[in-house]
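Take a look at the model below.

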2 protein chains.
Amino acid sequence: MPDRIHKNKTHTQDGPRSDEQAPGPGRLFLIPTPLGPHPENQVLPEHVIRTVHRLDTFFVERIRQANSFLRWINHPVPDFKCRFYELNKHTPGEDLLEMVSLLKNGSDGGIITEAGCPGVADPGSELVRLAHESGIDVVPLTGPSSILLALMASGMNGQAFAFHGYLPRPGRERTERIRFLENESAKRNLTQVFMETPYRNNDLLKELVRELADTTRLCVASDLTLPEEQIISCRVTDWRKRKVDLDKRPSIFLLLAEEAPTGSRNNKKPAHRRKRAGK
Amino acid sequence: MPDRIHKNKTHTQDGPRSDEQAPGPGRLFLIPTPLGPHPENQVLPEHVIRTVHRLDTFFVERIRQANSFLRWINHPVPDFKCRFYELNKHTPGEDLLEMVSLLKNGSDGGIITEAGCPGVADPGSELVRLAHESGIDVVPLTGPSSILLALMASGMNGQAFAFHGYLPRPGRERTERIRFLENESAKRNLTQVFMETPYRNNDLLKELVRELADTTRLCVASDLTLPEEQIISCRVTDWRKRKVDLDKRPSIFLLLAEEAPTGSRNNKKPAHRRKRAGK
């Protein structure tokens, strides 16, 4: 009979470890955080908050921000009694190994990033990978992800989608990437998801509206879960009639292109786009 | 000054409509549901439950299942006083238009699918698209998504990933798709995410372990958020030493291939794989 890997693992998503498990390795919890400064909690299940309350070891993108999050959920352990380890793309490998050995020696720990889900367009995946390699259980907790909320709300294809992170900086490379994403979307009926640094959002939107085909659908989801939440999803031809200010508003961009008519797939810039480009 | 589209929109994520908004169109809420039959709620924020309590019009994948969900969250309106409209891939266009006109006439409504997030590997996106076209506000609520939880917990690249839904049925086409996904993953450092009908999971796993390169990382996340949750993420070479039973366990599969060495990108079946294929 095939065995299950973690024979003694019970109640993974529940906080308390059963006696029979001790003194095994600790677990690595992946803790989602709010997407913005909403005073009330609208995004974290009570279970997640209770689980985090039982932890006192955190691997965090920014200590100050992690501290405000813990205060926001009324974490019962005072700041100075929690252990914080900085975890971002600059964290040296030896520090990561130290975190892993802490978990291996029996401490539970949690990853807290600046906003949203650890490991998804956010740091954390390197530590998660090392945890798996050391036989440490990884427990993802439910919470908000701007990428996922935007995809749900876009009305685009959620059976096939791709996330690309940040596009290249403004310039020829970005223009080419936008065209590539649109072509690939048309060929595969694929929803393309990407982001931009918030102060460059308006510039990206301008370029998208200029470069994309009239019939391509474009969705911009801004300030998700906040009172200012705004989700606009329509064809590029309708975007051209709108004036929308996205400056400094955290936003996710999604596009879905219509299947290219036969014979036009290699036509990098169809007539309607050439005409529009001067606008 | 560019205007914001929904000038009168306040407290989007809060339930109550302000008086100044009435009598505008209703809103379309996207309601996530648990990924499995956990008796306690570990995945829905209180805010989401309160919001759903205020709704009595639902667009649902299956009426019976939506009803048990509403009972599970102690919805205060008795079943027979709620309005249910079936929403799945067989729903005729005219029924969708009827749902839209209900919303246009001022009713708030919510989409409930069988498990997880509406519109993401689940029905709902067609109605969302029509809602946008009719100027109806779409409000995505936070909850569990097996795709997102699996991605967080995989330790793979969360800066670039693609979801492909179900792979083709077993056979040559599936094998080719697996090789294509692995090649593309290597070229673009892309995490590939896909699923299989649960009773075919073991068969897919066997093929993945046979076809993928030794160094490719494969993650299988099963029974997410349930007591039986199991997340295994390691190189294919280590999977070959394991025996894991995934039969009838809802699972998400993820792979991340190492960058192909120069010159080998067109080599569809490298030596190590040919050797392994007989195992």
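The report starts with the basis of the model, then turns to the pocket and the strand.

## Basis

This is a predicted model: local features need pLDDT of at least 70, side-chain atom pairs count only at pLDDT 80 or more, and totals for chains, interfaces and linings use all residues. Residues are numbered from 1 along each chain as its sequence is written, chains are lettered from A and ligands numbered from 1 in the order written, and side-chain values use heavy atoms, without hydrogens and water.

## The second largest pocket

A pocket is an open set of points on a 1 Å grid over the protein atoms alone, where a 1.4 Å probe fits, with protein on both sides within 12 Å along at least five of seven lines. Lining residues have an atom within 4 Å of a point.

The second largest pocket has 42 lining residues. Those nearest its centre are A:Ala121, A:Asp122, A:Pro123, A:Tyr166 and A:Met195. H4(A) gives the most to this lining, with four residues. Helices are DSSP runs of H or I with at least four residues, and strands are runs of E with at least two.

## Strand E6 of chain A

Strand E6(A) spans residues 161-166.

E6(A) pairs with E7(A) in the parallel sense over four bridges. Pairing takes at least two DSSP bridges. A:Ala162 stands opposite A:Gln192 in E7(A). E6(A) also pairs with E6(B), in the antiparallel sense, over three bridges. There, A:Ala162 has B:Ala162 as its bridge partner.

Note on methods: Buried < 20%, exposed > 50% of the residue type's maximum accessible area, 1.4 Å probe, protein only.
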